[in-house]
Amino acid sequence: MNRIRIRTARAQEHEQVAALTVDGFRSRNRAPRPERLALLRDAPGRAAAGDLLVAVHEPSATLIGTASLLRPGTAYARLALPDEAELRLLAVLPEHRGRGAAGALLAEGIERARSWGMRALVLDTGRDNVASQRVYQRLGFVRQYAREERENRHRPVKTAVFSHDLGRGRA
């Protein structure tokens, strides 16, 4: 039986995670801008900003997906309020999509953000990325329309923003 295990990426896997992230996003963004490509490749920076998660296909031990769970106020967090964790750069290799890796990464992100004492987990995706939005909604994420327009490096960015209430009250 094939299964997916989620764990924190090991330092010696950062190059592999970087390549996986680029491959996972390549099918959506054929030619990412240089600054976007640098972000996709910076697995060590994302790991330092929170928890770099990987989806491992068992029993082959192959890395098939990744997501960055970020603490608020860190360099890569762009949406998180002080009591929110942020999940970014969720990527699954194209040949492994539709088998539960994205859902497993999201579920683990929810549990880890809750263990950090966060009130919510927030994420965003392209407004036309309906497949991802369905996964988020199935796991209890709610769209936050009021948070969807913001400035990002001097240009307006329009994404679909979702949050998941982690069941913690504000302190």
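Reader: Which residues of α5 are buried?
Author: In this predicted model, the buried residues of α5 (130-138) are Ser 132, Gln 133, Val 135 and Tyr 136. Buried means under 20% relative accessible area, exposed over 50%, partly exposed in between (1.4 Å probe, protein chains only). Helices (H or I, at least four residues) and strands (E, at least two) are DSSP runs, numbered from the N terminus.

Reader: Why are they on the same side of α5?
Author: They cover an arc of only 160° around the axis, so they share one side of α5. That arc is taken from the directions from the helix axis to the C-beta atoms.

Reader: What's on the face turned away?
Author: Arg 134 and Arg 138, both exposed.

Reader: And what covers the buried residues?
Author: The cover includes β4, α4, β5, β6 (142-143) and β9.

Reader: New topic: how many residues has the largest nonpolar core?
Author: There are 25, and Leu 87, Leu 106, Leu 121 and Phe 141 have the most contacts inside that core. Such a core is a set of buried Ala, Val, Leu, Ile, Met, Phe, Trp, Tyr and Cys residues joined through side-chain atoms within 4.5 Å.

Reader: Which element gives the largest share?
Author: α4, with five residues.

Reader: What does Leu 106 touch?
Author: Leaving out residues up to four places away in sequence, Leu 106 touches Leu 87, Leu 90, Leu 123, Val 135, Tyr 136, Leu 139 and Phe 141. Contact means heavy atoms within 4.5 Å.

Reader: How are these residues numbered and picked?
Author: Numbering runs from 1 along each chain as its sequence is written. Local features need pLDDT of at least 70, side-chain atom pairs count only at pLDDT 80 or more, totals for chains, interfaces and linings use all residues, and side-chain values use heavy atoms, without hydrogens and water.
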